[in-house]
Amino acid sequence: MSSPTHTADDTWQIGETTLSSRFLLGTAGYPSPDTLRLAILASGSQVLTLGLKRTLAVPGGGDNGFVQIIRDTARAHGAHLLPNTAGCRSAQEAITLAHMARELLGTHWIKLEVVGDEQTLQPDPFELVAAAAQLIHDGFEVLPYCTDDLVSARRLVDVGCRILMPWAAPIGSGLGLLNPWALRTLRARLPDITLIVDAGLGAPSHATAAMELGMDAVLLNSAVSQAHDPVRMARAFRHAVEAGRDGHRAGLMPTSDVAIASTPVSGQPFVLP
């Protein structure tokens, strides 16, 4: 994996693991294993998500070729696996799958998903909090996929979540940031919580916008895997994430409802003391 361009002073953490790339990549729906491998390389991602519900639904499913490909690719590029509980409809179902994932993959990280609505795939806030509380008690580093609702987010923090994954839009929609105000509110009210925008991003510009809001990272899958050229798109998102992060760190200029001349009327091209 080629090295991310961020400097050592801009690292972040999942649990006790220090990371430099702020682009987390999903691994489903690619046209071929080779395309997936090349997209991972182009993305510079250090965290790969892996859905296990269907894989583990049959005896021995964890030994199939897909899981082995992801394991081998992650190992080859020094990336970490983040299994998820996508498709679970109850807290107990998600808890059971998380324990199976830990046994299979040897990681205590879990991206916690509990679906509450079949059309929007919106997370169920009540089941999500219940599952998060139990899994944290069981020693997991829980990364819950949630909406951008502040109260629901605070309930997850109250039970011990150190990282939240609020959506930008319904998963797989590609609509981008539907409610930037809500994401800004989460950032302002939860300054010590790591926020990873997850779901709904469809274009590199969406990732840049999320990072400019002060999000710590973004996670996406379909925007890369469903692109005409997934490898090129993975590279584009990598640069977009880095640009947004740099923009946020640099400090965006204030906005104004009226025009403001770039050069002051005094004619001085520089701001003098």
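Buried residues make up 49% of the 273 residues in this chain. The model is predicted. Its pLDDT averages 90, and 89% of the residues score at least 70. The chain holds nine helices and 10 strands.

**Overall build**

- Of the contacts with a separation of 6 or more, 67% join residues 24 or more positions apart.
- The chain exposes about 13200 Å². Carbon and sulfur atoms supply 54% of that area.

**Confidence gaps**

- Residues 1-5 keep a pLDDT under 50. The model gives this stretch 16 contacts beyond four places in sequence.
- Residues 58-62 also stay under 50 in pLDDT. Here the model has five contacts beyond four places in sequence.

**Nonpolar cores**

- In soluble globular proteins, nonpolar side chains tend to be buried together.
- The largest nonpolar core in this chain has 63 residues. Leu112, Leu164, Val218 and Val224 touch the most other members.
- Helix α3, residues 91-105, gives this core its largest share, eight residues.
- A second, separate core has 13 residues. Ile14, Leu82, Ile163 and Ala217 are among them.
- What does Leu112 touch, leaving aside its neighbours within four places in sequence? Its contacts include Thr85, Ala94, Leu128, Ala131, Ala132 and Leu135. Val142, Leu143, Pro144 and Tyr145 are in contact with Leu112 too.

- Ile163 sits in strand β8. Its relative accessibility is 2%, so Ile163 counts as buried. The cut-off for buried is under 20%.
- Ile163 and Leu195 are 32 residues apart along the chain, yet their C-alpha atoms are separated by 6.0 Å.
- Not counting residues up to four places away in sequence, Ile163 touches Gln13, Ile14, Val142, Leu143 and Pro144, and also Ile193, Thr194 and Ile196.

**Helix α6**

- Helix α6 covers residues 180-189. Its buried residues are Ala182, Leu183, Thr185, Leu186 and Arg187.
- Which elements do the buried residues of α6 pack against? They pack against α5 (150-158), β8 (163-166) and β9.

**Rings and charges**

- A search of the whole structure finds one aromatic pair. The partners are Phe23 and Phe237, with ring centres 6.1 Å apart.
- Why is the pair called tilted? The planes of Phe23 and Phe237 meet at 35°. Under 30 degrees would count as stacked and over 60 as edge-to-face, so this pair is tilted.
- Phe23 lies in strand β3 (residues 23-26), and Phe237 lies in helix α9 (residues 230-250). The pair therefore ties together parts that are 214 residues apart in sequence.
- Phe23 is buried, and Phe237 is buried too.
- Arg102 has its charged end over the ring of Phe140, 4.0 Å from the ring centre.
- Lys111 has its charged end over the ring of Tyr145, 5.6 Å from the ring centre.

**Lys111 in its setting**

- Lys111 lies in strand β6. Is Lys111 buried or exposed? Its relative accessibility is 4%, so Lys111 counts as buried.
- Leaving aside neighbours within four places in sequence, Lys111 is in contact with Leu82, Pro83, Asn84 and Thr85, and also with Leu143, Tyr145, Met165, Asp198 and Leu219.
- Lys111 and Leu50 are 61 residues apart along the chain. Their C-alpha atoms are separated by 9.1 Å.

**Positive phi values**

- Leu121 has a phi near 55°, a positive value in a residue other than glycine. Leu121 is placed in the loop between β6 (109-112) and α4 (125-137).
- The relative accessible area of Leu121 is 30%, so Leu121 is partly exposed.
- Ala199 also has a positive phi, near 90°, and is a residue other than glycine. Ala199 is found in the loop between β9 (194-198) and α7 (204-212).
- Is Ala199 buried or exposed? Ala199 has 7% relative accessibility, so it counts as buried.

Terms used
Residues are numbered from 1 along each chain as its sequence is written. This is a predicted model: local features need pLDDT of at least 70, side-chain atom pairs count only at pLDDT 80 or more; totals for chains, interfaces and linings use all residues. Side-chain values use heavy atoms; hydrogens and water are left out. Helices (H or I, at least four residues) and strands (E, at least two) are DSSP runs, numbered from the N terminus. Buried means under 20% relative accessible area, exposed over 50%, partly exposed in between (1.4 Å probe, protein chains only). Contact means heavy atoms within 4.5 Å. pLDDT is the predictor's confidence in each residue, from 0 to 100. A nonpolar core is a set of buried Ala, Val, Leu, Ile, Met, Phe, Trp, Tyr and Cys residues joined through side-chain atoms within 4.5 Å. Accessible areas come from the Shrake-Rupley method with a 1.4 Å probe; for residues, only the protein chains shown count as cover. Rings of Phe, Tyr and Trp (its six-membered ring) pair if their centres lie within 6.5 Å; planes under 30 degrees apart count as stacked, over 60 as edge-to-face and the rest as tilted. A charge sits over a ring if NZ of Lys or CZ of Arg is within 6 Å of the ring centre and within 35 degrees of the ring normal.
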